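Please look over the structure below before reading on. A short report follows it.

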Amino acid sequence: MSAPLRIAVAGLGVVGAETVRLISTQGEMLARRCGRPVVVQAVSARDKTRDRGISLQGIEWFDDPVAMARNTDVDVVCELIGGSEGIARDVCGTALDSGKHVVTANKALIAMHGANLGQVADTAGLALAYEAAVAGGIPIVKALREGLAANQVNRLQGILNGTCNYILTAMRETGRDFGEILAEAQAHGYAEADPSFDIDGVDAAHKLAILTSLTFGCEIDFGTVHIEGIRHIDSIDIRFASELGYRIKLLGIAEMTDAGIQQRVHPAMVPLDAPIASVEGVFNGIVADGDFVGTTMFEGRGAGAGPTASAVVADIVDIARDRKTPTFGVPADELNVARVAAMADRDGLYYVRVMVRDKPGVFADIAGALRDSQISIESAIQRGRAEDGVVPVILTTHETKEARMQDALRLIGALDSVAETPRMIRIETV
Ligand code: HSE
């Protein structure tokens, strides 16, 4: 058997510790699959004394992960610290500059700096591997870059954030409000103490920007992702979605349109019989439509120690076997600069909820605003009479442009009889 593949692990949080544990417990199997043993030779974390449930005996300890990336004599540095700036970025940059392969689970880092780091890695013939950064344990990076390499994928949509999917699933199953479910998720450790990256769609957008680059062979462009989160989803919308035959999901969508590439993260209604509608709880799911293969779907755990460590070690196995692919599928200096389609160019169906004071003529006013914006109504629901006199009017539209929809929402919001900002949720039927 060849010489061992030597690994340094920067960050011994949940994922780092699980990666060390996995390499140890699966050692024999991994050695066969890698053609050589995989050995954790160095680690770095903040607190040496903490019990992580793993043995660090015989492993070199570094207080400074950047010094470890520079000085230790290893083949691969695993960056499992997180964050797009600071130490994580320095660890990856230093490792590559020192001629070491990098494996990372850091979506924010790849989304923000993947273009530069990928360029350094591709030029030096090193791996910058990030399977764990997108959808945790689902091998979607490998699938898009290698398994589907014979296809042009023209559209990809995914549930890329388990926290949001858990909250939306629990809201539907219990009928409870967003705030209550979020608080409960935080108490159980399913949501971060500061949940904004998850619930405001930023985490999903980081992952989508990476998938867009792999799908369309373009440079990562996080700045042009349209991002909306799930804070405004009301339990009333979840109920009406079910009544209309839909389920609400936070989707990341990368699509080639006539106007260019559109990248968007927002809540969406998907038909109940669409495969992605059945991806529930903390699970992630991705649907990619290839021109030769047709529709493919991937589902699995998008976060957590085991799934993330599984993806980290899969990248290590590729490096051990010297299986090389450019970081984003084509060499960094051949990636296109994407022609970006504006959100205003989205063509599609819409759900609109308007809370109105229940008076004669209200419905006609709303219909008039839609008519003036050249939007055709597909269905309308108004029933019941509330004690406070405010009732929901629910509309769905035929296909229209986002720009028209935004005009209509402004007109509707300005009507005297409208009690709250109208809520709109896009409907995705493909
Ligand atoms: N916080 C993410 C999620 C996992 O809830 O899916 C890490 O990106």
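The report below takes up some helices, then single residues.

## Ground rules

This is a predicted model, in which local features need pLDDT of at least 70 and side-chain atom pairs count only at pLDDT 80 or more, while totals for chains, interfaces and linings use all residues. Residues are numbered from 1 along each chain as its sequence is written, and side-chain values use heavy atoms, with hydrogens and water left out.

## Helix H4

H4 has 12 residues. From its first C-alpha to its last, H4 reaches 16 Å, close to the expected 16 Å (1.5 Å times one less than the number of residues).

Several H4 residues are buried, among them Ala 88, Val 91 and Cys 92 (buried means under 20% relative accessible area, exposed over 50%, partly exposed in between, with a 1.4 Å probe and protein chains only). Gly 93, Thr 94, Ala 95 and Leu 96 are buried too. Their cover includes strands E1 (5-10), E4 (76-79) and E5 (101-104). It also includes helices H3 (65-71) and H5 (107-124). Just after H4, Gly 99 takes a positive phi of about 80 degrees.

## Where H5 meets H10

The axes of H5 and helix H10 (residues 202-216) come within 8 Å and cross at roughly 50 degrees (axes are lines fitted to C-alpha atoms, for helices over the stretch in contact, and angles run from 0 to 180 degrees between N-to-C directions). H5 is therefore oblique to H10 (under 35 degrees is roughly parallel, over 145 roughly antiparallel, 65 to 115 roughly perpendicular, and the rest oblique).

On the H5 side, Lys 107, Ala 108, Ile 110, Ala 111 and Met 112 make the contact (heavy atoms within 4.5 Å). H10 brings Asp 203, His 206, Lys 207 and Ile 210. By class, this contact has 5 nonpolar, 1 polar and 3 charged residues (Ala, Val, Leu, Ile, Met, Phe, Trp, Tyr, Cys and Pro count as nonpolar, Asp, Glu, Lys and Arg as charged, and the others, Gly among them, as polar).

Thr 212 lies in helix H10. Thr 212 is buried, with a relative accessible area of 3%. Leaving aside neighbours within four places in sequence, Thr 212 is in contact with Gly 217, Cys 218, Ala 254, Ile 261 and Gln 263.

Phe 363 belongs to helix H13 (residues 362-372). Phe 363 is partly exposed, at 31% relative accessibility. Residues up to four places away in sequence aside, Phe 363 touches Ala 380, Gln 382, Val 393 and Leu 395. Gln 382 is 19 residues from Phe 363 along the chain, and their C-alpha atoms are separated by 8.9 Å.

## Positive phi in loops

Most residues other than glycine have a negative phi. Ala 135 is not a glycine, yet has a positive phi of about 60 degrees. Ala 135 sits in the loop between strand E6 (128-129) and helix H6 (140-147). Is Ala 135 buried or exposed? Ala 135 is buried, at 0% relative accessibility.

Gln 374 also has a positive phi of about 60 degrees, although it is not a glycine. Its place is the loop between H13 and strand E14 (377-381). Gln 374 is exposed, with a relative accessible area of 58%.

## Helix H11

In helix H11 (residues 235-244), the buried residues are Ser 235, Ile 236, Asp 237, Ile 238, Phe 240 and Ala 241. Just after H11, Gly 245 takes a positive phi of about 90 degrees.

Terms used: Helix = DSSP H or I, 4+ residues; strand = E, 2+ residues; numbered from the N terminus.
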